Amino acid sequence: MRTLDRLDLTNLIVDLDADGIASVTLNRPAKRNALDLATIEELIDVFQALPRSGARAAILSGAGPHFCAGLDLVEHHQAERTAADFMHVCLRWHEAFNKMEYGGVPVIAVLQGAVVGGGLELASAAHIRVAGPDTYFGLPEGQRGLFTGGGATIRVGDLIGKARMIDMMLTGRLYRGDEAVSVGLCQYLVDDPAAKARQIALAAAANPPLSNFAICSAISHMQNMSALDAAYAEAAIAGVVNTQEAAKGRLAAFADGTGPRIKPGA
């Protein structure tokens, strides 16, 4: 398996800094960072390599004024795909987004401008979404004679509920600002989403990697299980994570009163 420094990337810019924070930037600003198949393949390569490249957290963003305008409709139109062709395209999208959600590295998305269609599907695969004041969310598939194919029925529906998702697709309704936070499309709304995402990434990177792996993979897996199976899996994961060597010093500091206490700020 190739590491980050061995990847041949055209549509993504990737950097891993000394703090273990990987920056992954969609780099098609002239296309509003629309996702063509080549970009999807690069996302698969990058998020497959991240867990084995020393990354402790990742920040996903888009070059230019927009995060991502979704499926590259020009490529799709010109390709004249069959139903089978497009089904396989969708499966590659699922491969990319599953590697984000289940890879075990915290992914924080920096959102600005358009987060629509496949761009919202991409953002929903991140673990934390930070939006700016100009960010807007949409699923315009209905108006374009399309249907979501990159996991919106799974992830966006889970974030905001079936009824809101159907409304977005049928009517072209957009969410922005405080309303987007209130319905669950993003967790933060700030003037400088890049700075906030960096702050979150550093906080996450300070956790033991095994704890982050469990948080950023096991929870999603458990959501796919029955309640009885999820309870068993949770107990098994807790048994491994809560007895890890990296936790012992933190627990000792809590026990002797030298460790940080969880309390609201002033």
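A pocket here is an open set of points on a 1 Å grid over the protein atoms alone, where a 1.4 Å probe fits and protein lies on both sides within 12 Å along at least five of seven lines; lining residues have an atom within 4 Å of a point. The model is a predicted one, with local features needing pLDDT of at least 70, side-chain atom pairs counting only at pLDDT 80 or more, and totals for chains, interfaces and linings using all residues. Residues are numbered from 1 along each chain as its sequence is written, and side-chain values use heavy atoms, with hydrogens and water left out.

The volume of the largest pocket comes to about 680 Å³ (the space filled by probe spheres set on the grid points, which are joined across faces, edges and corners). Closest to its centre, out of 31 lining residues, sit E101, A126, H127, I219 and S220. Besides α9 (209-223), the elements giving two or more residues to this lining include α3 (83-102), β4 (107-111) and α8 (193-205). By type, the lining splits into 16 nonpolar, eleven polar and four charged residues (Ala, Val, Leu, Ile, Met, Phe, Trp, Tyr, Cys and Pro count as nonpolar, Asp, Glu, Lys and Arg as charged, and the others, Gly among them, as polar).

The second largest pocket has a volume of about 250 Å³. It is lined by 20 residues, with L71, F86, E141, L146 and F147 the closest to its centre. Here α3 gives the most, with three residues.

Helix α9 also packs against helix α10 (residues 227-241), at an angle of about 175° and with the axes 11 Å apart (axes are lines fitted to C-alpha atoms, for helices over the stretch in contact, and angles run from 0 to 180 degrees between N-to-C directions). That makes the two helices roughly antiparallel, the label for angles over 145 degrees. The contact comprises nine nonpolar residues, one polar and one charged.

As for the sheet, six strands form an open arrangement in the order β1-β2-β3-β4-β6-β9, with mixed pairing (two strands pair if DSSP finds at least two bridges between them). Strands β1 (12-16) and β9 (188-189) stand at the edges with a single partner each, so one side of each has no neighbour in the sheet.

Definitions and conventions: Helices (H or I, at least four residues) and strands (E, at least two) are DSSP runs, numbered from the N terminus. Angles under 35 degrees count as roughly parallel, over 145 as roughly antiparallel, 65 to 115 as roughly perpendicular and the rest as oblique.
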